[in-house]
Amino acid sequence: MTSALTSEWHKLRSARSTQYVLGTVLLSLFLGAALAWAWGQTWDSMPAERRNSLSDGSIEEIMLPVLQLCLGILGALAITAEYATGLIRTSLTVMPRRPALLLAKAATICVLALVVGVAATFAIHLVSRAVLGNRDFPGYTDLSSEAPGLLGAGTTVALVALIGFSAGTVLRSTAGAISLLVVLLFVLPMISGFLPGPWRERIESVLLTNPISALCLASISLSVALFLIQRRDAG
């Protein structure tokens, strides 16, 4: 298992898709700073009564689905690229135990996405807070108070990466896995906004920005992937 983990880590680290995704994550920091600057300009032009009526919110909350999608795509590509090129047969020849191979890939993706997700979430928060300066925006308090929420948000990035990986294993299609992620991360939240109160809250409670919901869906999707990889051919 250790050799499989090492092999998968080197494979993931050297993949061009990994470099592209990490570059996009880095770009999200600049986008977060730009949004914070725009928020600051809007705040400065607001009368006091408008400022007091604002609801809680933060730049990292806005950017979280983008981070989740980036790492979810990386998770999907980690397996669909092998199916597309036929390299999955080579991987299974080197590691005939299919569940062990799948778990090694999943663990590698999950660890990378966890590190990137937590680091990016904290970085976006700190950058946006620095840009906003001493403006008293609702939703921004001291870092020690917000750290648990930021850590939870970063953890959901790793869980969505695992969902993308599992979807890629089940569907064997990059486009299919990405489409599923887009529905979960963007379409469902958009639909929930048009629903009446009770249904809106119910859907929002199971969205992937919720760590518990993300963990449940990641566990279910990985279990399905483990079941199917043992019962289908390698092609």
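**Surface, burial and pairing**

The accessible surface of the protein chain amounts to about 11900 Å², and 68% of that surface belongs to carbon and sulfur atoms; accessible areas come from the Shrake-Rupley method with a 1.4 Å probe, and for residues only the protein chains shown count as cover. This is a predicted model, in which local features need pLDDT of at least 70, side-chain atom pairs count only at pLDDT 80 or more, and totals for chains, interfaces and linings use all residues. Residues are numbered from 1 along each chain as its sequence is written, and side-chain values use heavy atoms, with hydrogens and water left out.

Q: What makes up the secondary structure of the protein chain?
A: The protein chain has 10 helices and zero strands, in the order α-α-α-α-α-α-α-α-α-α along the sequence. Helices (H or I, at least four residues) and strands (E, at least two) are DSSP runs, numbered from the N terminus.

Q: Why is Ser 166 called buried?
A: Buried means under 20% relative accessible area, exposed over 50%, and partly exposed in between (1.4 Å probe, protein chains only). Ser 166 has a relative accessible area of 0%, and therefore counts as buried. Ser 166 belongs to helix α7 (residues 143-171). Of the 235 residues in the protein chain, 41% are buried.

Q: Which residues does Ser 166 touch, not counting residues up to four places away in sequence?
A: Ser 166 touches Ser 221, Leu 222 and Ala 225, where contact means heavy atoms within 4.5 Å.

Q: Why does Ser 145 count as partly exposed?
A: The relative accessibility of Ser 145 is 48%, so the residue counts as partly exposed. Ser 145 is found in helix α7.

Q: What makes Leu 26, Leu 27 and Phe 30 a nonpolar patch?
A: Patches are made of residues with over 30% relative accessible area and no salt bridge; like charges are joined within 9 Å, and nonpolar side chains (Val, Leu, Ile, Met, Phe, Trp, Tyr) within 5 Å. Leu 26, Leu 27 and Phe 30 form such a patch on the surface, with about 350 Å² of accessible area together. Leu 26 lies in helix α2 (residues 16-44) and, at 48% relative accessibility, counts as partly exposed.

Q: How do you know that Glu 82 and Lys 105 meet in a salt bridge?
A: A salt bridge is a side-chain nitrogen of Lys or Arg within 4 Å of a carboxyl oxygen of Asp or Glu. The N to O distance between the side chains of Glu 82 and Lys 105 is 2.5 Å, and the pair is a salt bridge. The pair links distant parts of the chain: Glu 82 in helix α4 (residues 59-85) and Lys 105 in helix α6 (residues 98-132), 23 residues apart. The structure holds one salt bridge.

Q: Why are Glu 82 and Lys 105 called buried?
A: Glu 82 is buried because its relative accessible area is 5%, and Lys 105 is buried because its relative accessible area is 3%.
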